[in-house]
2 protein chains.
Amino acid sequence: MELSSTQHATPCRDINALLISRGVNLTRQRRVIADVLFARNQHITADQLFDAVTRAGGRVSKATVYNTLGLFVRKGLVREIFIDATRTFYDSNTSQHHHFYNVDTGELTDMNEKVAPHFIDQDLPQGTVLEVMDLVIRVKNKSPQ
Amino acid sequence: MELSSTQHATPCRDINALLISRGVNLTRQRRVIADVLFARNQHITADQLFDAVTRAGGRVSKATVYNTLGLFVRKGLVREIFIDATRTFYDSNTSQHHHFYNVDTGELTDMNEKVAPHFIDQDLPQGTVLEVMDLVIRVKNKSPQ
DNA sequence: TTTTAGAATTAGACCAATTCTAAAGTTGGT
DNA sequence: ACCAACTTTAGAATTGGTCTAATTCTAAAA
């Protein structure tokens, strides 16, 4: 176990336990991906995650990053946020919350609980149940007027 | 002006006026695209729109469909809805409303006004103004118990 | 330990949606 | 009619992501 740079002091044991508790089989690749991903709450693209994992010295292919993110989404470990056709983010914070997206800067930020809408999550279309509620408020920089 | 099939009895004059009023220069291609698009309220992909325009006898390239949709979005004539990395819909109804997306059927439907959330659209991040609020509630078919 | 079967990983081919390019065609103002 | 600016076009290129088939790993049994 050659984990040289210990810049993110994530308790390895906890992440292993987390993965196992969600029915994810452990592999070296999944561990290093999870280490980087869950080091902190963040919004990250598959590509950025691949870079981050690579920089952290974990040798993992891009396909595995995609596979693993897909798996983590299915297991409820991360949330997928579709911003547009070329921007899919993964949010390491799965608690129910919403987002601001700044179209000028490309920045994605969490919405304060207080600002978030209150919903009647009944009244869904006949014969359907809620999967996930995605609210993205697109904002732009105030023009310097 | 060889408009053979008049299946959608959209008043041509109104659509022309609409485009002009939004600062869109008129061309044959933009007219036929608008005719098909605004024939009714609908959620349509660029590809579906290309097919529909082609079926209606309007000879327009796919690049023009993309260009024109982009233009119409910028001019506030249609709304862009990003469902995932491979599904971008264009909504010919620009009035403020939200959507249900059925992940099983791929169906996108309008949310009833009464169900929609009520927002405080203040409290946006510092220095930003609202661009557009995108709420997509993803639902799935109720499993047959 | 070895074996084994299923699961996971990989590189690279592939795919679909979209954008780009540069040449040709339109348009509206004069 | 003429011109400059704008628009359209086909096809190439790009991008984000998925698929494939061969290889490697894992964990449990022998």
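**DNA surface, chain interface and packing in a predicted model**

Author: In this predicted model, the surface near DNA strand D draws at least two residues from each of three helices: helix H4 (62-74) of chain A, helix H2 (28-37) of chain B and helix H4 (62-74) of chain B.

Reader: Which element gives the largest share of that surface near DNA strand D?

Author: H4(B) does, with four residues.

Reader: And which residues come nearest to DNA strand D?

Author: There are 21 residues around DNA strand D, and those that come nearest are Thr88(A), Asn25(B), Thr27(B), Ser61(B) and Thr64(B).

Reader: How do the residues of that surface divide by class?

Author: Eleven are polar, seven are nonpolar and three are charged.

Reader: Turning to H2(B), at what angle do the axes of H2(B) and H3(B) cross?

Author: The axes of H2(B) and helix H3 (residues 46-55) of chain B cross at roughly 105 degrees and come within 10 Å. Angles of 65 to 115 degrees count as roughly perpendicular, so H2(B) is roughly perpendicular to H3(B).

Reader: Which residues make the contact?

Author: H2(B) contributes Val32(B), Ile33(B), Val36(B) and Leu37(B), while H3(B) contributes Leu49(B), Ala52(B) and Val53(B). By class, this contact has seven nonpolar residues, with no polar and no charged ones.

Reader: Now the two chains. How many residues of chain B are in contact with chain A?

Author: On the chain B side there are 34 residues, in contact with 34 residues of chain A. Strand S2 (79-84), strand S4 (99-102) and strand S6 (128-141) of chain B each give two or more residues to the side that touches chain A. The largest share, 14 residues, comes from S6(B).

Reader: What is the make-up of that side of chain B by class?

Author: It divides into 19 nonpolar, eight polar and seven charged residues.

Reader: In which sense does S6(B) pair with S6(A), parallel or antiparallel?

Author: Strand S6 (residues 128-141) of chain A pairs with S6(B) in the antiparallel sense, over 13 bridges. Within this pairing, Leu130(A) stands opposite Val139(B).

Reader: Last topic: in what order do the three strands of the open sheet in chain A lie?

Author: The order is S1-S3-S2, with antiparallel pairing. Strand S1 (43-44) and strand S2 (79-84) of chain A are the edge strands, each pairing on one side only.

Reader: How many bridges join S1(A) to S3(A)?

Author: Two bridges join S1(A) to strand S3 (residues 87-91) of chain A. His43(A) stands opposite Asp91(A) of S3(A).

Technical notes
Residues are numbered from 1 along each chain as its sequence is written. Chains are lettered from A and ligands numbered from 1 in the order in which they are written. This is a predicted model: local features need pLDDT of at least 70, side-chain atom pairs count only at pLDDT 80 or more; totals for chains, interfaces and linings use all residues. Two strands pair if DSSP finds at least two bridges between them. Two residues are in contact if their C-beta atoms, placed from the backbone, lie within 7 Å. Ala, Val, Leu, Ile, Met, Phe, Trp, Tyr, Cys and Pro count as nonpolar, Asp, Glu, Lys and Arg as charged, and the others, Gly among them, as polar. A residue is near a molecule or strand if its C-beta atom, placed from the backbone, lies within 6 Å of it. Axes are lines fitted to C-alpha atoms, for helices over the stretch in contact, and angles run from 0 to 180 degrees between N-to-C directions. Angles under 35 degrees count as roughly parallel, over 145 as roughly antiparallel, 65 to 115 as roughly perpendicular and the rest as oblique.
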